[in-house]
Amino acid sequence: MAQATRPSRPRVFVTRALPDPVEARMAELFDVVTNADDSAMDRDALAAAMADCDVLVPTVTDRIDGDLIRGAPERLRLIANYGAGFGHIDLKAARARRIVVTNTPGVLTEDTADMAMALILAVPRRLVEGDKLVRSGNWTGWCPTSMRGHRIGGRKLGILGMGRIGQAVAMRARAFGLQIHYHSRHRVPEVLEAQLGATYHADLDAMLAAVDILTIHTPHTEATAGLIDARRLALLGPGSWLINTARGEIVEPEALVVALEHGRLAGAGLDVYVDEPAVDPRLIGLSNVVLLPHLASATFEAREATGMKVIANIRTWSDGHRPLDQVLEGWI
């Protein structure tokens with residue numbers, strides 16, 4: 001696309017309220033329109049926004065499907081996503097319309113890894129159950145058989161997706177004495193495997209059968225939707241735990257509930273869900289499940305850094321260059 005078609009001060013529509021420093025910088029650089037009430041926009045509102053901007057800045061709460069993209073006017077040339085995940089955007093439809101899509105990788109790595117590690121500790125050691133017991137006023141004091149959990153040192157941790165976040169989790173987990181196993185689309189270099197003490201499994205099923213804890217760090221794509229289904233949950237076994245800070249769609253929700261209800265899993269730590277903010281009430285009723293409200297990236301530092309990356313992508317595109325964080329065709 002020729003640089004002349006890209007406005008130097010593009011009209012940018014932002015679908016959710018962003019941190020104050022991010023919105024202030026955007027206002028300096030662009031003609032910005034924001035979603036004043038900061039609620040998730042419905043399809044009609046999204047269509048109206050896309051009809052009147054050069055750049056759309058959506059978040060994970062916005063489903064930008066093929067029909068919305070095909071219905072947008074030629075003016076819309078960039079979808080600068082606020083967040084690393086892009087499963088909510090129809091990349092094939094965007095490519096067909098020659099709309100550039102960017103994301104914000106890297107800025108959430110440490111915070112997401114921290115949260116995954118927190119859940120890896122919290123679920124087997126029953127931290128949330130213990131907190132609830134104290135708050136209820138029913139705690140009768142220490143005794144040898146009360147609130148026993150499980151030691152994680154020496155356990156085998158399976159990492160599904162050994163990208164930036166998966167590697168950061170592996171570094172943390174190794175310090176807690178966990179044995180690292182992983183399955184990923186691409187094997188990491190041998191020197192990194194040695195550094196992490198990580199064992200690669202080319203076959204996902206083989207890894208699941210070998211580990212005690214599964215933590216998920218792969219993006220949501222057509223290939224990963226429902227990847228962890230009832231059959232694969234059964235491979236984990238009744239003494240295993242599942243941790244998901246990636247996307248709810250990667251685990252079949254009904255299969256997960258059934259496995260937990262029937263003791264086919266020892267427990268789960270979840271930060272993401274299929275129909276957020278809705279959470280299956282059966283999960284809420286289970287004591288062996290820790291439920292978080294999509295907190296992995298919820299630090300002041302990460303949310304501001306994400307916004308600044310969005311700004312950098314828009315500025316690079318507006319200057320006539322390919323943004324560094326353009327989502328490439330091979331990622332679909």
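Two strands count as paired if DSSP finds at least two bridges between them. The views show a predicted model, in which local features need pLDDT of at least 70 and side-chain atom pairs count only at pLDDT 80 or more, while totals for chains, interfaces and linings use all residues. Residues are numbered from 1 along each chain as its sequence is written, and side-chain values use heavy atoms, with hydrogens and water left out.

**Figure 1. The seven-stranded open sheet, with strand order 8-7-6-9-10-11-12 and parallel pairing.** Helices (H or I, at least four residues) and strands (E, at least two) are DSSP runs, numbered from the N terminus. Strand 8 (198–200) and strand 12 (289–291) form the edges; each has a single partner strand, so one side of each is left without a neighbour in the sheet. Direction ignored, neighbouring strands are turned by 20 degrees against each other on average (axes are lines fitted to C-alpha atoms, for helices over the stretch in contact, and angles run from 0 to 180 degrees between N-to-C directions). Strand 7 (residues 179–183) runs parallel to strand 8, and three bridges join the two. Within this pair, His 181 has Thr 199 of strand 8 as its bridge partner. Helix 7 lies across strand 6 (156–160), strand 7 and strand 9 (213–216), and its direction is at about 170 degrees to strand 6.

**Figure 2. The packing of helix 5 (residues 109–125) against helix 7 (residues 164–175).** The two axes come within 8 Å and cross at roughly 50 degrees. Helix 5 is therefore oblique to helix 7 (angles under 35 degrees count as roughly parallel, over 145 as roughly antiparallel, 65 to 115 as roughly perpendicular and the rest as oblique). Helix 5 contributes Thr 109, Glu 110, Thr 112, Ala 113, Asp 114, Ala 116, Met 117 and Ile 120, which meet Arg 164, Ile 165, Ala 168, Val 169, Arg 172 and Ala 173 of helix 7 (contact means heavy atoms within 4.5 Å). Eight nonpolar, two polar and four charged residues make up this contact of helix 5 with helix 7. In this classification Ala, Val, Leu, Ile, Met, Phe, Trp, Tyr, Cys and Pro are nonpolar, Asp, Glu, Lys and Arg are charged, and the others, Gly among them, are polar.

**Figure 3. The five-stranded open sheet, with strand order 2-1-3-4-5 and parallel pairing.** Strand 2 (31–34) and strand 5 stand at the edges; each has a single partner strand, so one side of each is left without a neighbour in the sheet. From one strand to the next, the twist averages 15 degrees. Strand 1 (residues 11–14) and strand 3 (residues 55–57) run parallel and are joined by three bridges. Here Val 12 stands opposite Val 55 of strand 3. Helix 13 packs on the sheet and touches strand 1, strand 3, strand 4 (78–80) and strand 5. The direction of helix 13 makes about 160 degrees with that of strand 4.

**Figure 4. The pair formed by helix 1 (residues 20–29) and helix 13 (residues 300–318).** These helices pack at an angle of about 15 degrees, and their axes are 9 Å apart. Helix 1 and helix 13 are therefore roughly parallel to each other. Pro 21, Val 22, Arg 25, Met 26 and Leu 29 of helix 1 make the contact with Glu 304, Gly 307, Met 308, Val 310, Ile 311 and Arg 315 of helix 13. By class, the contact of helix 1 with helix 13 has seven nonpolar, one polar and three charged residues.

Figure 5. With residues up to four places away in sequence not counted, Arg 247 touches Val 60, Gly 85, His 220, Val 272 and His 294. Ala 259 lies 12 residues from Arg 247 in sequence, and their C-alpha atoms are 19 Å apart in space.

**Figure 6. Backbone geometry at Pro 277 and at Arg 98.** The peptide bond from Glu 276 to Pro 277 is cis, with omega near 10 degrees. Pro 277 belongs to the loop between strand 11 (267–270) and helix 12 (281–284). Arg 98, a residue other than glycine, has a positive phi near 60 degrees. Arg 98 is placed in the loop between helix 4 (91–96) and strand 5 (100–102).
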